[in-house]
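Please brief me on this model, chain by chain.

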Amino acid sequence: MLKGKQSWIFNNRPVIAATGVTGGPFEANGRLSSDFDVLFDDLWMAEDSYEKAHRHLLEVAANTAFEKEGVTADDVQFMIAGDLINQITPTSIAARQLKVPYLGIFGACSTSMEGLALASFFVNYGGGNYILTGATSHNAAVEKQFRYPTEYGGQKPPTAQWTVTGSGVALVKANEGKDSGKPVTTSATIGKVIDLGLTDPFNMGGAMSPAAADTILAHFKDLEIDPSYYDLIVTGDLGKIGHETTFGLLEKEGLPIKREQFKDCGMLIYHEDQPAQSGGSGAGCSATVLYGHLLNEMKKRVYKRILVVATGALLSPLTVQQNETIPCIAHAVSIEMNE
Amino acid sequence: MKKLVTLTFITVLTALLTSCNTDATQNSGMSLIQKSDPDPIILDEKSEDKQKLVSSIKKDVAKFDELYDVAVVKGEEEILVAYKVKHMQRFHMVKIEGEINKMLEKKYPKENFIVSSDYKIFLEAVELNDKMKNPDFSEKDAKKKLEEIIELKKELT
Amino acid sequence: MGNKKPESKEVEQYKQFEKNFETKRPVFKNCLKAFLVGGFICMIGQAITYFYIYFFSFTEQTAGNPTVATMVFISMLLTGFGVYDRLGQFAGAGSAVPVTGFGNAVISAAIEHRTEGFVLGVGGNLFKLAGSVVLFGVFSAFVVALIKTILIKLGAI
């Protein structure tokens with residue numbers, strides 16, 4: 001149901017029935033390694049190219065989610081997923097393997113919440129009993145496309161971020177009233193594309209901040225609630241700089257948000273001493289942290305209500321070289337514990 | 001880490017294998033770092049005059065403040081003059097070479113000089129000097145060696 | 001391309017606002033690191049030059065070519081073992097400016113695109129990063145040579 005200008009309320013409270021989270025070696029050394037279902041100790045993952053490894057991440061994550069829920073691919077009506085590689089081929093090829101009717105989406109690093117919002121919307125209105133949604137990224141494959149070769153010795157500035165190798169998928173299920181103790185999605189806000197003229201692809205956090213702030217403000221305005229409703233408001237992959245900037249923007253707009261309840265997935269995933277500069281990024285960043293760490297915390301009742309705001313920088317190597325500014329987007333989904 | 005160890009091992013091994021394979025003798029080995037001040041060599045008919053000539057050439061060249069080690073080899077047709085330039089003066093090497101050439105041509109107009117500031121040429125001159133001390137090393141061999149040095153010098157200039 | 005529109009006030013304001021939160025590059029520290037690492041790489045190069053002068057028949061002038069080849073070979077090994085990109089993150093320009101940085105640019109591209117095959121992958125992308133260095137290096141050499149030739153013809157030099 002549409003609420004306000006750009007938000008949906010899911011009255012039927014679709015359930016996040018099961019999740020599957022996979023990660024690479026860098027994540028295994030990170031802060032949240034225990035929240036991953038499967039960790040690979042090699043970036044190649046026994047495949048012969050990074051793109052195939054990328055695909056493998058998603059396949060393993062999807063199969064883990066199926067196993068946990070005790071379903072097969074046949075029980076799943078749709079799959080809504082995406083990644084960052086050209087024409088989202090790794091996800092499409094994984095969909096070929098899984099044989100699930102498939103909607104490919106691209107929202108850069110906001111893909112995870114775009115997918116979850118759409119999946120929840122479908123399920124809420126009876127569009128399916130089980131919908132698989134998720135996002136994946138692979139450090140080497142993404143760096144190759146967007147930046148320099150992995151082994152190239154260029155110096156990254158402190159504003160740069162580290163692309164997460166990992167895949168997070170969730171199985172969204174229709175709420176039949178017997179799923180207490182599981183997280184449910186209650187509302188979502190779809191963001192506008194916002195571009196405030198930043199051009200540095202090594203400072204995506206700064207570029208994405210206005211989009212994140214805009215979506216967060218729109219969410220509270222549409223739903224007529226204030227930040228104290230949530231235990232945690234978590235952004236996707238803003239990194240240290242973007243996180244501070246967004247907090248500053250929200251304060252400037254007069255939103256009564258507390259520092260303790262405002263976190264960022266990109267800052268949660270790695271240790272301070274890992275060479276990730278400003279923090280993690282990539283489509284897999286918000287997906288792995290939410291579907292792994294944050295939902296586990298919710299099940300432990302650390303948080304009861306959270307708002308996840310995944311941010312995406314909608315750039316391509318071409319637009320960067322042609323001196324285009326970076327258009328950014330953010331989508332928010334509210335997740336609550338079903339008691 | 002394991003890879004790094006392997007890499008270091010390979011590097012050290014290569015260094016060891018290559019460095020043992022040398023025929024450089026005592027004096028010449030150190031002449032790059034230290035001042036060796038080799039005696040002038042004459043590969044021509046030995047005479048009092050010639051002896052005087054090379055000694056005076058050596059003295060004249062050594063008068064230049066910018067350099068610190070001079071080797072002179074007198075062949076049948078040409079005289080090789082090699083020297084080392086002081087480190088801070090190496091920017092002016094071309095100028096110094098010109099001045100030495102000019103001075104030598106003015107003072108010894110009859111002689112034919114080959115002047116070089118290259119370490120390698122100096123090194124070879126010192127090595128030749130060392131070898132001459134060995135009685136098995138014939139005059140003919142020495143002349144051949146001088147030819148080689150001159151060829152080396154002409155290679156890239 | 002390049003036709004910059006006048007920025008709106010909102011954009012201007014946000015840029016100012018965002019600057020406050022940006023971590024600055026530690027310029028002085030980076031310069032120092034680049035100086036030390038760059039100097040160290042050059043020192044290794046100098047050692048290799050002397051190695052070639054001592055043990056092979058290269059003069060100071062001709063030893064440059066094998067030295068460059070050796071340095072590129074070493075940087076190839078370091079790139080392949082995944083060491084050079086870490087060095088690059090630490091040293092910045094110190095490891096990018098010497099010839100080893102050029103080798104790293106070529107070889108990292110070759111490794112990266114190996115999965116796309118030898119012809120279109122490695123062959124087509126080998127000079128992806130280093131290609132412009134080669135092109136503009138040759139072009140600027142041409143321009144400088146042209147200027148020099150014209151000046152000589154005019155009798156200025």
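**Chain architecture and contacts**

Read along the sequence, chain B follows the pattern α-α-β-α-β-β-α-β-α-α, with helices (H or I, at least four residues) and strands (E, at least two) taken as DSSP runs and numbered from the N terminus. The model is predicted: local features need pLDDT of at least 70, side-chain atom pairs count only at pLDDT 80 or more, and totals for chains, interfaces and linings use all residues. Residues are numbered from 1 along each chain as its sequence is written, while chains are lettered from A and ligands numbered from 1 in the order in which they are written.

**Chain B: composition**
- Chain B has six helices and four strands.
- Of its 157 residues, 25% count as buried (20 or more other C-beta atoms within 10 Å of the residue's own, with C-beta atoms placed from the backbone).
- Among contacts in chain B (C-beta atoms, placed from the backbone, within 7 Å) between residues at least 6 apart in sequence, 67% join residues at least 24 apart.

**Chain B: strand pairing**
- Strand 1 (residues 41-42) of chain B pairs with strand 2 (residues 67-74) of chain B in the parallel sense over two bridges; pairing requires that DSSP finds at least two bridges between the strands.
- B:Ile41 stands opposite B:Val73 in strand 2 of chain B.
- Strand 1, helix 3 (residues 48-62) and strand 2 of chain B make a left-handed β-α-β unit; a right-handed crossover would run clockwise from the first strand over the helix to the second, with the strands pointing away from the viewer.
- Strand 2 of chain B also pairs with strand 3 (residues 79-85) of chain B, in the antiparallel sense over seven bridges.
- These two strands form a hairpin with four residues between them.
- B:Ala71 has B:Ala82, in strand 3 of chain B, as its bridge partner.

**Chain C**
- Chain C contains eight helices and zero strands.
- Its radius of gyration is 22 Å, whereas a compact globule of 157 residues would have one near 15 Å (taken over C-alpha atoms; the globule rule is 2.2 Å times the number of residues to the power 0.38).
- The C-alpha trace of chain C spans about 65 × 55 × 40 Å along its principal axes.
- In chain C, 25% of the 157 residues count as buried.
- Of the contacts in chain C with a separation of 6 or more, 55% come from residues 24 or more positions apart.

**Contact between chains A and C**
- Chain A contributes 28 residues to the contact and chain C contributes 31 residues.
- On the side of chain A that touches chain C, helix 6 (204-223) and helix 7 (239-252) of chain A are the elements that give two or more residues.
- Helix 7 of chain A gives the most to that side, with four residues.

Conventions
Contact = placed C-beta atoms within 7 Å. Buried ≥ 20, exposed ≤ 12 C-beta atoms within 10 Å, placed from the backbone.
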